[in-house]
Amino acid sequence: MLDIPNAPSTPQSSGPGEAGPSAEPTTSLVVGLDIGGSKTHGALWADGVLVGEARAGSANVQNVTPDDAARNLAELFLELTPAGGADVAQVVAGSGGVDTAEDAERLRGLIRPHAPGAAIHVVHDTRLILAAGGARTGIAVIAGTGSVAWGVDGDGREARSGGWGYLLGDEGGGYWVAREAVRRTLHRHDAGQQPDDLDAAVLALNGVATPTELIGLFHSGAGRTYWAAQSRAVFDAARTGHTEAGGIIDRAAEDLTQLVLDVVDVIGLPGPVVLGGGLAMHQPDLQARLRHRFSDRGIDDVVFLDRDPVMGVQFLVADGGRAGR
């Protein structure tokens, strides 16, 4: 059986009676899934040729209920394989929140009804980031709704930093950036200061008239996906020269850099560093700050993905899961 390396503690097997992703030529279908905190992106390959893509809500059960995850997967597979998934030979699913064998088997259980004859292989979503960057070794970073870094060297030694979820960490992710902006707005209100441009943007994006209304909204059912989207207020303000908005982005860049340095300390491999996730891929201000910090620490082989992480599935399957670069 060919194995694809995963993040630490992620199971390597595909489940009873299932084979891992195969590098052998096949006319069968391969489905790739990138399951993030905000959405699930699916891709379908036939003979190595991309033939379809679909998107649905998140199927990460750390972010949504199992019922919502199942419903979102059903919607995605219906769009991706309208004739049904019986002919799907392999599913490679990269997901956050896959830290134990139980986590992986739970996800397989949600996928299996939609591809009943397929070998289902679950990897941590950071593995897709590295593969989408065309690397077998190195360090993958996700800065999206949350944040995490994972790396592997040529001997298969792995390390991870972060990815603990919003209650324990996720510094530098979209939720964290938005929360810091809300906290700043509330601090300034408590100090008797009038809303400035960043405060006004936070209020406007959330459809409230006063800072105190943010408290109830934040503790409501708005959720992490909603708040991560509000991080754009910070990036928009920074582009117009707002100093404290820039400071929040500076702190995000420093925290993300520290995740990478933690992994480097364990595996001793300073690159390549491949970054994905909504913030890392689409916020030039954050990219510039990260490049500067990496360079200061002697890390110059840095790649910001310009393709969707799910495309890393094709690399993993074609590469046969080998860990050496």
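Me: Before we get going, when do two strands count as a pair here?
Reply: Two strands pair if DSSP finds at least two bridges between them. Keep in mind that this is a predicted model.

Me: OK, so what's the strand order in the open sheet of five strands?
Reply: The order is E8-E7-E6-E9-E10, and the pairing is mixed.

Me: Which strands stand at the edges?
Reply: Strand E8 (158-162) and strand E10 (302-304). Each has a single partner strand, so one side of each is left without a neighbour in the sheet. On average, neighbouring strands of this sheet are turned by 15 degrees against each other, direction ignored.

Me: How many bridges join E6 to E9?
Reply: Four, between E6 (residues 138-143) and E9 (residues 273-276), and the two strands run parallel. Ile142 stands opposite Gly276 in E9.

Me: And which strands does helix H11 touch?
Reply: H11 (residues 284-296) packs on the sheet, touching E9 and E10. The helix direction makes about 170 degrees with that of E10.

Me: Switching to the surface. Which residues make the nonpolar patch?
Reply: Trp164, Leu167 and Leu168 make that patch, at about 420 Å². Leu168 lies in the loop between E8 and helix H4 (174-190).

Me: Is Leu168 buried or exposed?
Reply: Exposed, because its relative accessibility is 63% and the cut-off for exposed is over 50%.

Me: Last one: which residues are buried in H12?
Reply: In H12 (residues 312-319), those are Gly312, Val313, Leu316, Val317 and Asp319.

Me: What do the buried residues of H12 pack against?
Reply: Strands E1 (29-35), E2 (39-46) and E4 (88-95), plus helix H3 (125-132).

Methods:
Residues are numbered from 1 along each chain as its sequence is written. This is a predicted model: local features need pLDDT of at least 70, side-chain atom pairs count only at pLDDT 80 or more; totals for chains, interfaces and linings use all residues. Side-chain values use heavy atoms; hydrogens and water are left out. Axes are lines fitted to C-alpha atoms, for helices over the stretch in contact, and angles run from 0 to 180 degrees between N-to-C directions. Contact means heavy atoms within 4.5 Å. Patches are made of residues with over 30% relative accessible area and no salt bridge: like charges are joined within 9 Å, nonpolar side chains (Val, Leu, Ile, Met, Phe, Trp, Tyr) within 5 Å. Accessible areas come from the Shrake-Rupley method with a 1.4 Å probe; for residues, only the protein chains shown count as cover. A salt bridge is a side-chain nitrogen of Lys or Arg within 4 Å of a carboxyl oxygen of Asp or Glu. Buried means under 20% relative accessible area, exposed over 50%, partly exposed in between (1.4 Å probe, protein chains only).
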